[in-house]
Amino acid sequence: CIRDRFYTDNGIMTPTSETTGIVRTAAHALADAGTFVEEARPAGIEQSYEFFRDLFAADGGAGVQRLLQMAGTTDIHPFVQQFGEILHPYAMTSAEFSGLLVRWDMFRSTLLSFLEKYDVIICPVCATPAWPHSSTITEEQFFAGSYSMTYNLTGWPAVAVRAGTSPEGLPIGIQVVARPWREDVALAVAQHLETVLGGWQRAIL
């Protein structure tokens with residue numbers, strides 16, 4: 001029997017009510033399939049955005065600029081420009097960066113202990129539904145995306161599944177996250193939820 005933990009709010013940005021409801025619907029669908037389900041949020045995930053931002057921003061965005069120069073890019077997409085502007089104020093010294101790496105390792109260790117007796121975590125992909133193409137990028141949207149940042153930081157296998165639709169007709173996703181090296185579990189659970197909850201559907205705007 002698969003043991004599942006789920007949460008709806010990561011402590012950084014509260015999701016929309018529709019997103020919260022869809023995560024709960026997914027948890028109920030797994031319970032109906034015989035999975036043991038418990039609601040609990042991993043300790044420390046409210047640091048996810050700060051860690052992710054600081055790791056990207058340690059050089060003040062110089063690495064991104066260097067890649068653009070190496071590629072011969074002169075016409076920069078507004079998203080990349082905005083991303084660089086957000087990162088620039090958070091540049092740090094090498095000593096500060098070394099300390100960040102230690103804290104990052106502790107963060108991953110703490111989260112791994114959360115899954116000691118469980119197989120998967122179910123949570124939002126984002127605090128909001130998908131954004132329309134050509135949306136303006138703000139730091140608030142990065143807060144919304146912090147749900148997926150958590151598992152980018154751990155490096156664990158995670159699958160995003162469309163599980164519902166917002167009142168505006170935009171898809172709402174959930175994440176199925178498994179232990180290290182258990183892609184098979186993440187994919188199996190994701191496949192079940194995709195089947196039960198309708199899977200991919202074209203956005204209607």
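Along the sequence, the secondary structure follows the pattern β-α-β-α-α-α-α-β-α-α-β-β-α. The model is predicted, and its elements come to 8 helices and 5 strands.

The overall dimensions fit a globular chain. A compact globule of 205 residues would have a radius of gyration near 17 Å, and the protein has 18 Å, which agrees. Taken along the principal axes, the C-alpha atoms fill a box of roughly 50 × 45 × 30 Å. Of the 205 residues, 42% are buried.

Strand 1 pairs with strand 2 and also with strand 3. The two pairings are set out below.

| Pair | Residues | Direction | Bridges |
|---|---|---|---|
| strand 1 and strand 2 | 3–6 and 36–39 | parallel | 4 bridges |
| strand 1 and strand 3 | strand 3: 120–124 | parallel | 3 bridges |

On the side of strand 3, isoleucine 122 stands opposite phenylalanine 6.

The largest pocket holds about 280 Å³ of space. Its lining consists of 15 residues, and those nearest the pocket centre are Val125, Cys126, Thr128, Pro129 and Ala130. Two elements each give two or more residues to this lining: strand 4 (158–165) and strand 5 (171–178). By class, the lining of the largest pocket comprises 9 nonpolar, 5 polar and 1 charged residues.

Notes:
Residues numbered from 1 in each chain as written. Predicted model: local features only at pLDDT ≥ 70, side-chain atom pairs only at ≥ 80, totals over all residues. Heavy atoms only, no water. 1 Å grid on protein atoms, 1.4 Å probe; cavity = no way out; pocket = protein on both sides within 12 Å on 5 of 7 lines; lining within 4 Å. Points joined across faces, edges and corners; volume = space filled by probe spheres on them. Nonpolar A, V, L, I, M, F, W, Y, C, P; charged D, E, K, R; others polar. Pairing = 2+ DSSP bridges. Rg over C-alpha atoms; globule rule 2.2 N^0.38 Å. Buried < 20%, exposed > 50% of the residue type's maximum accessible area, 1.4 Å probe, protein only.
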